[in-house]
Amino acid sequence: MSGEPTAMSGETGPTSLAPPPGEIEPGSGVRIVVEYCEPCGFEATYLELASAVKEQYPGIEIESRLGGTGAFEIEINGQLVFSKLENGGFPYEKDLIEAIRRASNGEPLEKITNSRPPCVIL
């Protein structure tokens, strides 16, 4: 009889090491930092982007920092992937989502060079 509890505890050990696939949220382990210029009115753009990212990757860690004039810089896991100061516009959501997908799969990150204009005149 004493062998049965040992066998049962031996069986539960390995299964508890690997959580069920449903418990791992997409994007977990990926950290994004967005540095933006608040006086420039870029907070709304940050909030819009953060919302879209969280929708696709609920497990992601996203943080904002106040940056210098004209700044809208995005880092993924400490690597700069987008710079408004370099590109002159804002990133497209699809490009950022793709960069996050690559990061969550452990693939190398590339800088996002496409950007949409900061304002649209109709």
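Strands β3 and β4 run antiparallel and are joined by four bridges. They belong to a predicted model of a protein chain with four helices and four strands. Read from the N terminus, the elements follow the order α-β-α-β-β-β-α-α.

**The sheet as a whole**

- The four strands form an open sheet, ordered β2-β1-β3-β4, in which the pairing is mixed.
- β2 and β4 (79-83) are at the edges; each has a single partner strand, so one side of each has no neighbour in the sheet.
- On average, neighbouring strands of this sheet are turned by 20 degrees against each other, with direction ignored.
- In general, strands of a sheet pair through backbone hydrogen bonds, in either a parallel or an antiparallel sense.

**Strand pairs, one by one**

- β1 (residues 31-36) pairs with β2 (residues 61-66) in the parallel sense, over six bridges.
- Within β2, the residue opposite R31 is E61.
- β1 also pairs with β3 (residues 72-76), here in the antiparallel sense and over five bridges.
- I32 stands opposite I76, a residue of β3.
- β3 in turn is joined to β4 by four bridges, again in an antiparallel arrangement.
- E73 has S83 in β4 as its bridge partner.

**Helices and the sheet**

- Helix α2 packs on the sheet, where it touches β1, β2 and β3.
- The direction of α2 makes about 170 degrees with that of β2.
- Together, β1, α2 (residues 43-56) and β2 make up a β-α-β unit, and this unit is right-handed.
- Helix α4 (residues 93-104) lies across β1 and β3.
- α4 runs at about 20 degrees to β3.

**The chain in numbers**

- The protein chain has 122 residues, and buried residues make up 31% of them.
- Of the contacts between residues at least 6 apart in sequence, 70% join residues at least 24 apart.
- The chain exposes about 7600 Å², and carbon and sulfur atoms supply 55% of that area.

**Points to keep in view**

- In sheet order, β1 stands between β2 and β3, pairing in the parallel sense with β2 and in the antiparallel sense with β3.
- β1 and β3 are touched by α2, and α4 lies across both of these strands.

Methods:
Residues are numbered from 1 along each chain as its sequence is written. This is a predicted model: local features need pLDDT of at least 70, side-chain atom pairs count only at pLDDT 80 or more; totals for chains, interfaces and linings use all residues. Side-chain values use heavy atoms; hydrogens and water are left out. Helices (H or I, at least four residues) and strands (E, at least two) are DSSP runs, numbered from the N terminus. Buried means under 20% relative accessible area, exposed over 50%, partly exposed in between (1.4 Å probe, protein chains only). Contact means heavy atoms within 4.5 Å. Accessible areas come from the Shrake-Rupley method with a 1.4 Å probe; for residues, only the protein chains shown count as cover. Two strands pair if DSSP finds at least two bridges between them. A crossover is right-handed if, with the strands pointing away from the viewer, the path from the first strand over the helix to the second runs clockwise. Axes are lines fitted to C-alpha atoms, for helices over the stretch in contact, and angles run from 0 to 180 degrees between N-to-C directions.
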